[in-house]
Amino acid sequence: MPRKVNYGLDYDDGYDGYDDYDDFDDYEDYANANDYGVKEKVTEKPSWNDRSTIKVEKKTKKLALWQCSVCNSDNEQSSSSCDICGVLRDPAQNIGNGSAENAPFQFNTLSPDDMVSVGKMSSRKSSKVSANNTGKKAIAKFTATNEMAENSSGIISGANQLNGSESGNANIKSDTPQILASDLHQMKLDKVSTNFRKAKPLAEYKPEKWMLANQDGILNQLNLAVVGHVDSGKSTLSGQLLHLLGRVSKKEMHKFEKEAKEKGKGSFAFAWATDESAEERERGVTMTVAVAYFDSKKYRVVLLDSPGHKDFVPNMISGATQADAAVLVVDASIGSFEAGMDGNGFGQTKEHAQLIRSFGVEQVIVAVNKMDTVGFSKERFEFIKSQLGNFLRSCGFKESQVTWIPLSAMENENLVTSATDARLSSWYEGSCLLEAVDSLQLPVRDASKPLLLPICDVIKSHSLGQVAACGKIETGAIKNGSRVLVMPLREVATVRSIERDSCPCSVARAGDNVAVSLQGIDGVHVTPGGVLCHPDYPVTVASRLELKILVLDIMGPIIVGSKFEFHIHHAKEAARLVKIVSLVDQKTGKAAKKTPRFLTAKQSAIIEVALDRAVCAEEFSKHRALGRAFLRASGCTVGVGIVSKVFSDES
Ligand code: GTP
Ligand code: MG
């Protein structure tokens, strides 16, 4: 996912600071409550290196509303689909040239506005090509981007958001109805695609030699998610690290400082290295995951700076689900640490820790940040360590896998070298952050299994018909020329080129975070939430799943019929609880009470959910990364768990 990623924003109009939280509804309102007062419109994809990010423009809506039949949010009369969940207002209405008759409910499909943004995204290769083909404005944009890429080696270009955006929008908007119609048409074909070969038994799979070969001299990629409560200093930490390691030049830093000061946001200068959209900078809040690279002694680190605000947890999930390890950033200042630990859904220190553990992340570095605000007090550090340590243990983190580091991102204490401030060095003798990163262990990579690459993001150039799928290869390997099956739409494509760390490469293996350019496929068939796989070993597609979940700290009961946002790898889908099979005894892991009437906080249970549209999913026992699921409702995570049974749509 080598760029900024937007994933179904749902922030509240009233948000204007980190301590201005929304009221939570009682659980019985989960399915119905929706207090969104903002319409998000994706207008632009600024770039990361030479790829793109999304600029979000908010419009307050007040008049003439219609209510979504699925998520109950209010929408403007002019909207043909729900701004929040994407469901069509009237599935039978005609849009553009195509008929949407009988089109299935779409939750995770691109809206017309998304289509605009997708159309504006471009990989380095396609950028250059389209620059040659689309005239001066495009060249200005892509030239700016490429210059930035050279200067900043992997840092988002701030300047490149503007150039060429208008021209890009104009071009792409004219394509929109056609694209949407084609997308709807494809959705109708969803279940009847004939392009599908029957899966071979896994035992028959034999990896080829090139798939397993070692890459001499190339540092292994370590996907490191930076997570934590809003305003804990994740972006400042990321920006400072990148600056200290030479990935953000002095000149750029100076520019960020100057511009941030002019905007009255002087303290956010380091954060501007990763918070690059105008809205993120103006609000001082990260909204989408930013990806940057730096080299430690042992690793080529893929840094995933996640948003902390609770309204952007879906974005955080989309990025951090690729993590091999995480840095959990905690704000040490009085009151702020406590806010992050609030158990009522407001504390993202807890929610993020729970989520990353459920992603399968076992190693975590707890960066106790802003130690300068508490005079580098050992007592405060120990207090935080004991409070949060208890919670991390309860999430299943082993003590030996958790490293605690007191630091100050702003004052550069304990980041890449040992602490210099006597108030800290007098009592702390452990490693600095960079050393702690180097002591992380690389998870086992399985290149010997068939290819599985969950698609985090899609880069499309509609004018050139080029499409690239971005994400982390979970198992297997690909090379230029490989044939891949694009699920869930079951279309076969050929790998045209691969980029790792924004550089072209001919082979990529399990663990690599890549952008795979595809040929021989219509772009509408490649969607975030889909999966690239080996044509003979397709991933299972299902709209009904059995899950073993742990119910988090919720306020009321979960009953049959409750609606959720269902998350699995990068897919998000509307879901309904159709059956509570049994409670699970947390000590033995065995089924306890059969068919209870409801679930309450902290219970484990086996449940069945029905999804509005099928997703790629595997049983956790067969494939971990494709078998972890999360349930969210009313803006907070209500359950985390694993897929215990897949009721395949093919069977
Ligand atoms: P979100 O991405 O929106 O969740 O925020 P964040 O966690 O990325 O926080 P960000 O880096 O944007 O910083 C938030 C505020 O904390 C800014 O005003 C920073 O200057 C401040 N800050 C970050 N690190 C430190 C630190 O070490 N010391 C002090 N005093 N302030 C810090
Ligand atoms: Mg941030």
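**A tour of the ligand 1 and magnesium sites**

Select T286 and ligand 1: an N or O atom in the T286 side chain sits 2.7 Å from an oxygen atom of the ligand, a polar contact (a pair of N or O atoms within 3.5 Å). This is a predicted model, in which local features need pLDDT of at least 70, side-chain atom pairs count only at pLDDT 80 or more, and totals for chains, interfaces and linings use all residues. Residues are numbered from 1 along each chain as its sequence is written, chains are lettered from A and ligands numbered from 1 in the order in which they are written, and side-chain values use heavy atoms, with hydrogens and water left out.

On its own, ligand 1 has 650 Å² of accessible area (Shrake-Rupley method, 1.4 Å probe), and the protein covers 92% of that.

Now show the whole shell, meaning residues with a heavy atom within 4 Å of the ligand. There are 22 residues, and K234, T236, S267, T286 and M410 come nearest. By class, six are nonpolar, twelve polar and four charged. Colour helix α6 (residues 234-244; a DSSP run of H or I, at least four residues): with three residues, α6 gives the most to this shell.

Finally, select ligand 2, the magnesium ion, which is coordinated by S235 (OG) and T286 (OG1) at 2.0 Å. Donors here are N, O and S atoms within 2.8 Å of the metal (3.2 Å for Na, K and Ca); water is not among the atoms, so the site may look incomplete. S235 lies in helix α6 and T286 in the loop between α8 (278-283) and β8 (290-295), 51 residues apart. Both S235 and T286 are buried, that is, under 20% relative accessible area (1.4 Å probe, protein chains only).

Definitions and conventions: Polar contact = N/O pair within 3.5 Å; in protein donor to acceptor, adjacent residues only side chain to side chain. Helix = DSSP H or I, 4+ residues; strand = E, 2+ residues; numbered from the N terminus. Nonpolar A, V, L, I, M, F, W, Y, C, P; charged D, E, K, R; others polar. Buried < 20%, exposed > 50% of the residue type's maximum accessible area, 1.4 Å probe, protein only.
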